[in-house]
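Try each task before you read its solution.

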Amino acid sequence: MRHINFTLLLAACLMAGCQPDGRDVEQPAIIDYGNNTCPADCEQFHTGDTIHFCYQFTDNEELGNYNIEIHNNFDHHTHSTSSVECDQEADKVPVNPWIFNHDYSIPEGSKNYTAQLDIAIPDDADPGDYHFMVRLTDRAGWQQLRSVAIKLLP
């Protein structure tokens, strides 16, 4: 009888996405927020404008924090998180590229969180191709990455 109870407990734990010792082994998820998802692949913004960031985050146990990084893609490197191909300008040397890198906390105990914030684009940023990257980490340390190609216009 004890063997059957242990087997049932082990099966339930594995179906719930955890190890028998209780460790979280699942990555968190970055989910599009329907028509309000922003930024989306190939979306264009003007220097001096604002990007209204909006994505949904989920985790099976507990979310931790997230980071937003924006950097130029003037050399056309890739982070391979999207299959979408955007029109790109010719390679160029950055003069005054926009670099943005900030960490944000998620309320403790959250399994679901809608991240929304406004990010001001500097007036004097080099126009061109950029990557908008979101790194989501859960409390156990698992991470998910989403990289979106955007374009800044003058």
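**Exercise 1.** Find how the residues of the lining of the largest pocket divide into nonpolar, polar and charged.

*Solution.* Start with the classes: Ala, Val, Leu, Ile, Met, Phe, Trp, Tyr, Cys and Pro are nonpolar, Asp, Glu, Lys and Arg are charged, and the others, Gly among them, are polar. The lining then splits into twelve polar, seven nonpolar and six charged residues.

Next, the space: the largest pocket holds about 400 Å³. A pocket here is an open set of points on a 1 Å grid over the protein atoms alone, where a 1.4 Å probe fits, with protein on both sides within 12 Å along at least five of seven lines; lining residues have an atom within 4 Å of a point. The volume is the space filled by probe spheres set on the points, which are joined across faces, edges and corners.

Of its 25 lining residues, Val84, Cys86, Gln88, His131 and Ala149 are closest to the centre. Finally, E8 gives the largest share of the lining, five residues. (Strands are DSSP runs of E, at least two residues, numbered from the N terminus.)

The model is predicted: local features need pLDDT of at least 70, side-chain atom pairs need 80 or more, and totals for chains, interfaces and linings use all residues. Numbering starts from 1 along each chain as its sequence is written, and side-chain values use heavy atoms, without hydrogens and water.

Conventions
Helix = DSSP H or I, 4+ residues; strand = E, 2+ residues; numbered from the N terminus.
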